[in-house]
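Keep the viewer open as you read.

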Amino acid sequence: MEKFENVSGVAAPMPLINIDTDMIIPKQFLKTIKRSGLGANLFDEMRFDDNGNEIEDFVLNKPAYRKAEIIVAGDNFGCGSSREHAPWALRDFGIKVIVSTSFADIFYNNSFKNGILPIVLPKEQVAVLMEDAERGENARISVDLENQTISATDGTEFKFEVDSFKKHCLLNGLDDIGLTMQKVQSIDSFEEKYKKSAPWV
Amino acid sequence: MSAPKTLYDKIWDAHVAHEADDGTCLLYIDRHLVHEVTSPQAFEGLRIAGRGVRAPEKTIAVPDHNVPTTTDRVNGIDNEESRIQVEALDKNAKDFGIHYYPVSDVRQGIVHIVGPEQGWTLPGMTVVCGDSHTATHGAFGALAHGIGTSEVEHVLATQTLIQKKSKNMKVEITGSLRPGVTAKDITMTVIGETGTAGGTGYVIEYCGQAIRELSMEGRMTVCNMAIEGGARAGLIAPDQTTFDYVKGRPHAPKGADWDAAMANWADLYTDEDAHFDKVITIAGEDIAPSVTWGTSPEDVLPIDAVVPNPSDFEGGKVDAVARSLAYMGLTPGQKLSDIAIDTVFIGSCTNGRIEDLRAAAAVLKGKKIKDGMRAMVVPGSGLVRAQAEEEGLAQIFIDAGFEWRMAGCSMCLAMNPDQLAPEERCAATSNRNFEGRQGRGGRTHLLSPAMAAAAAVTGKLTDIREFN
């Protein structure tokens, strides 16, 4: 995984609540056996009409947001299916940060494993950033993961929380499996004891 | 004496293989279920890194999402991408030596129906799958939840998952259900109460008399939709109903192992005075046969209610409801029981078990579906299908005018050819009414199997209490 660098860029406003992973990447694109190339179909049914033409007023089709690196979203972003195709599609499109008041659990975890930082902020702070995002290219939002801050265009800075292990992995582009493999002795000894106490498993 | 623990605490504690200073744990996984859609990239990752599957004997694969459910599927899958995905699973299962139920096997079906049916899912276990409806297995008092593909790869390689513990939430359903009210109505009513994010950060334990009175099939329906309430997992403490269901299944413990397991399982309950971070209590008597009207599972109401008005809501929900109603083609104030239906889908990991088919068949016996109605039953597994045929249920469905299909996920997520056309309105026993879920522009109303069957006959959403 690539290391997560600080981001400063245009943010796309998506105030709709409960944006689910079926919206982010509809099922017809789950038939791939690869992780790459899904950005072309990100938000497919909201972004394109039946003939594959762009729907003009969808936010990511507007000139200001075509290269957005941040999404400021309504509550409960990423709910529904566990499909990791959702963060694959977002990252492939170029999204590195998503801000919301809340994220669905599985989507939240999947994001970190793909170089995307989901940031949870209180409602009032999301509202400030949403307003910024609505100003398009006239506004830039900056994210500093090391210091756990996100800044609005006028410099107002908000602190955010992030799990220390997840932050460490994101900043250093670390592979979870490699890290766990270093603890293989713990797994071995757990398994040995467990086999005795629960032989039917 | 140690502090009182919840059932979740106990299962968690029994599976921590390593704990770091910051509380990040390696949770040992007892069963890893795999299907064709979320696993190919994980197996590819193993191959690239030269890694194997650590515990193939604890890993079970079955194709379900993509498979056609028409009987001619024995001739192969027409859709090339679907076929490639299923073939990839065939190959991965063989190469890595994991248990496999191919499309041709009578035991094939939806992964969350096959696991319990074959006795892979047992009380006290940790169960994961690259599918959000893994929550289903919580019905056995197992800690079960969905994971992403990176985590699938992690579990394949290490048999563990990197996790931090969730909070405890209790959902108690007191008393008994009224006639016509089912497990599906319980789980949808709970989501209506908590909202789709109400469970975020929690593992839910469902308890109370109405839960205890449910069969295992019903309990699976309840836990299945825990994810729709945002919870990591849903759990129900095992009891005699659970043990009776498990005993004798192909992969359930036998002989001395069974006795040892039973002794261990006797401790799988929440201690008195254990702490819950959140508690919801609903009287079973207050739960009505329910349907969804919008495009989120939280958009649920009793069947005798009317379509709400966006102005009834607050905050971001106002716009979301306006968007939902436009998508669903509904008008505020319209009676839910007046909504005309084009299609009925009975099946899915929520309601594709034998008890669900019995409930639907009981409604349909001696009746015909409305002219022009498209109706299908997709049993959750080949064995459910065989049992339904043996019990005469299949014939009831066929006589009523339903299509009698082979097992798979089918129109729940419409990855196979079973899809809705734009604006086609479907009464579905599945779990998600999201925009486009059952096909682009398709309109989904979630309900119980009996209510779905009644809708097929009357041609509209129907109060099962008034149906005869």
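What follows goes from the interface to the salt bridges. One thing to keep in mind throughout: this is a predicted model.

Start with the boundary between the two chains. On one side, 55 residues of chain A make contact, and they meet 71 residues of chain B. The size of an interface is often given as the accessible area lost when the parts come together. Here, chain A and chain B bury about 5,300 Å² between them, with 56% of that on carbon and sulfur atoms. If you want to know where to look on chain A, go to A:K27, A:K31 and A:W200: these lose the most area to chain B, and together they make up 16% of what that side buries.

Quite a list of helices takes part: α1 (21-24), α2 (44-47), α3 (85-93), α4 (105-112), α6 (164-172), α7 (176-181) and α8 (184-197) of chain A each bring at least two residues to the side that touches chain B. Of these, α8(A) gives the largest share, 7 residues. As for the make-up of that side of chain A, you get 21 nonpolar, 14 polar and 20 charged residues.

With those charged residues in mind, turn to the salt bridges. The count between chain A and chain B is 8. Then find A:D22, A:R83 and B:R437, which are linked in a network of salt bridges.

UniProt, in an unreviewed entry, lists residues 1-123 of chain A as "domain: Aconitase A/isopropylmalate dehydratase small subunit swivel". Over that stretch, residues 1-123 of chain A, the chain is 21% helix and 15% strand, and the end C-alpha atoms sit 31 Å apart.

Now step back to the whole model, where the salt bridges over all chains come to 35. Several inside chain B deserve a look, and B:D95 is a handy place to begin. Its side chain meets that of B:R47 in a salt bridge, 2.9 Å from N to O. This pair links distant parts of the chain: B:R47 is in helix α2 (residues 40-49) of chain B and B:D95 in helix α3 (residues 80-96), 48 residues apart. B:D95 also forms a salt bridge with B:K91, with the closest N and O atoms 2.8 Å apart.

Finish with B:R465 and B:D463, whose side chains meet in a salt bridge at 2.9 Å, N to O. Here B:R465 is partly exposed, at 41% relative accessible area, whereas B:D463 counts as buried, at 7%.

Methods:
Residues are numbered from 1 along each chain as its sequence is written. Chains are lettered from A and ligands numbered from 1 in the order in which they are written. This is a predicted model: local features need pLDDT of at least 70, side-chain atom pairs count only at pLDDT 80 or more; totals for chains, interfaces and linings use all residues. Side-chain values use heavy atoms; hydrogens and water are left out. Contact means heavy atoms within 4.5 Å. Buried area is the accessible area (1.4 Å probe) that two parts lose on being put together, summed over both. A salt bridge is a side-chain nitrogen of Lys or Arg within 4 Å of a carboxyl oxygen of Asp or Glu. Helices (H or I, at least four residues) and strands (E, at least two) are DSSP runs, numbered from the N terminus. Ala, Val, Leu, Ile, Met, Phe, Trp, Tyr, Cys and Pro count as nonpolar, Asp, Glu, Lys and Arg as charged, and the others, Gly among them, as polar. UniProt positions are given in the numbering used here, feature names are shortened, and annotations may be inferred rather than shown by experiment. Buried means under 20% relative accessible area, exposed over 50%, partly exposed in between (1.4 Å probe, protein chains only).
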